[in-house]
Amino acid sequence: MPFNVPIFLTWLRIVLIPLVVGVYYLPTTWLSSVEMNWVACGVFVLAALTDWFDGFLARRWNQTSAFGAFLDPVADKLMVAAALLMLLQMGRINALVALIIIGREITISALREWMAQIGASRSVAVHQLGKIKTAAQMVAIPLLLFNGTVVWNGWRFDSRFWGTWLIYVAAVLTLWSMLYYLRRAWPQIRERGAGEM
């Protein structure tokens, strides 16, 4: 197993996932609910930054590897799923939204694995639509974890409102991107399916 700075950052992201969840199980004598939100939001943002930096550094330092390419999306999906499940438990997101986002990740991961096995992985390579969906998620989730209002110089920012709005946008983009990838893979699905009937 190769080990370098980008892979270290990916492992760090995986290690940070239990902290986002675990902070909400601390006694209220240790942290108030507002402080729990601050910590969970901060840890998630830190984890999201490692996602950007590991890819950037891997390309810049030419340290890409097959193991890193496998581990990076696994870390991303675990991080998003863990945060969504906590938000669902706290009543900050709709169950349907969580189901759409997590279900899409499982579906497309399985599709990509199958397409790679038949030598057609380029058909379901990462598309700009998927990147926009990820960006919407990565902004919406910390806003919902923060779950508060910031007032500064007479300016008011409600993270609950904007986080909820963005997570619905992310859910729509999630469905859209899933349909895009399935449409790209459909010729292979139809051909292989017909061949196995």
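**Close-up views: salt bridges, ring pairs and annotated segments**

**View 1. Arg13 and Asp51 join helix 1 to helix 2.** Both Arg13 and Asp51 are buried. Buried means under 20% relative accessible area, exposed over 50%, and partly exposed in between (1.4 Å probe, protein chains only). This is a predicted model, in which local features need pLDDT of at least 70, side-chain atom pairs count only at pLDDT 80 or more, and totals for chains, interfaces and linings use all residues. Residues are numbered from 1 along each chain as its sequence is written, and side-chain values use heavy atoms, with hydrogens and water left out.

Arg13 and Asp51 form a salt bridge, with their closest N and O atoms 3.5 Å apart. A salt bridge here is a side-chain nitrogen of Lys or Arg within 4 Å of a carboxyl oxygen of Asp or Glu. Arg13 sits in helix 1 (residues 5–22) and Asp51 in helix 2 (residues 33–60), so-called distant parts of the chain, 38 residues apart. Helices are DSSP runs (H or I, at least four residues), as are strands (E, at least two), numbered from the N terminus. By the salt-bridge rule, the count is seven.

**View 2. Glu105 pairs with Lys77.** What is the N to O distance in the salt bridge of Glu105 and Lys77? The value is 3.5 Å. Glu105 belongs to helix 4 (residues 95–117) and Lys77 to helix 3 (residues 66–89), so this contact ties together parts 28 residues apart in sequence. Glu105 is buried, at 12% relative accessible area. Lys77 is partly exposed, at 25%.

**View 3. Glu105 also forms a salt bridge with Lys133.** Their closest N and O atoms lie 2.8 Å apart. Lys133 is in helix 5 (residues 128–146) and Glu105 in helix 4; the pair links distant parts of the chain, 28 residues apart. Lys133 is buried, with a relative accessible area of 4%.

**View 4. The rings of Trp38 and Phe146 form an edge-to-face pair.** The structure holds six aromatic pairs. Their centres are 4.9 Å apart and their planes meet at 85° in the case of Trp38 and Phe146, so this pair is edge-to-face. Rings of Phe, Tyr and Trp (its six-membered ring) pair if their centres lie within 6.5 Å; planes under 30 degrees apart count as stacked, over 60 as edge-to-face and the rest as tilted. Trp38 lies in helix 2 and Phe146 in helix 5, so the pair ties together parts 108 residues apart in sequence. Phe146 counts as buried, at 15%.

View 5. Tyr180 is buried, at 18% relative accessible area. Tyr181 is buried, at 1%. Elsewhere, Phe161, Trp162 and Trp165 form one aromatic cluster.

**View 6. UniProt lists segments as "transmembrane region".** The unreviewed entry gives residues 6–26, 38–58, 78–102, 135–155 and 161–182. Positions are in the numbering used here, feature names are shortened, and annotations may be inferred rather than shown by experiment. Residues 38–58 are 100% helix and 0% strand, with end C-alpha atoms 30 Å apart. Residues 78–102 are 80% helix and 0% strand, with end C-alpha atoms 10 Å apart.
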